[in-house]
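Try each task before you read its solution.

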Amino acid sequence: SSSNESTKNPPLVILGGMAQSIASWEFHLPYLSRHRSVLIYEALGQGPPPPSEVCSIDGREVTLERYYDDVSLERQGKDFWDVVEE
């Protein structure tokens with residue numbers, strides 16, 4: 001795709017709400033992604049818990065208790081931008 005197309009159709013970013021999971025957007029993705037990239041982001045504490053008792057922060061394995069220890073806005077923002085930059 002050309003840079004002109006990306007200006008015409010910027011990516012759509014959907015943030016999960018307080019009482020929903022990103023799974024609620026699954027049905028809409030085929031339509032929403034026809035002409036643009038779509039990023040659906042689920043912040044810490046939203047949706048189902050991770051499937052394991054151990055997860056990763058910056059490549060280090062940590063317990064879920066440690067993972068959820070910091071749910072500050074700063075942490076949430078950093079996690080979001082890490083996803084955007086991938």
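**Exercise 1.** Classify aspartate 70 as buried, partly exposed or exposed.

Solution. Start with the value: aspartate 70 has 32% relative accessibility. Then apply the cut-offs: buried means under 20% relative accessible area, exposed over 50%, and partly exposed in between (1.4 Å probe, protein chains only). So aspartate 70 counts as partly exposed. Now place it: aspartate 70 lies in the loop between α3 (64–67) and α4.

A note on the model: it is predicted, local features need pLDDT of at least 70, side-chain atom pairs count only at pLDDT 80 or more, and totals for chains, interfaces and linings use all residues. Residues are numbered from 1 along each chain as its sequence is written, and side-chain values use heavy atoms, with hydrogens and water left out.

**Exercise 2.** Find where glutamine 76 lies, then decide whether it is buried or exposed.

Solution. Glutamine 76 lies in helix α4 (helices are DSSP runs of H or I, at least four residues, numbered from the N terminus). Its relative accessibility is 15%, so glutamine 76 counts as buried. Next, list its contacts (heavy atoms within 4.5 Å). Leaving out residues up to four places away in sequence, glutamine 76 touches Tyr41, Ala43, Leu44 and Val71.

**Exercise 3.** Determine which residues valine 83 touches, not counting residues up to four places away in sequence.

Solution. Locate valine 83 first: helix α4 (residues 73–85) holds it. Its relative accessible area is 32%, so valine 83 is partly exposed. With that sequence limit, valine 83 touches Leu39 and Tyr41. Finally, check one distance: the C-alpha atoms of valine 83 and leucine 39 are separated by 9.0 Å, and the two residues are 44 residues apart along the chain.

How values were computed: Helices (H or I, at least four residues) and strands (E, at least two) are DSSP runs, numbered from the N terminus.
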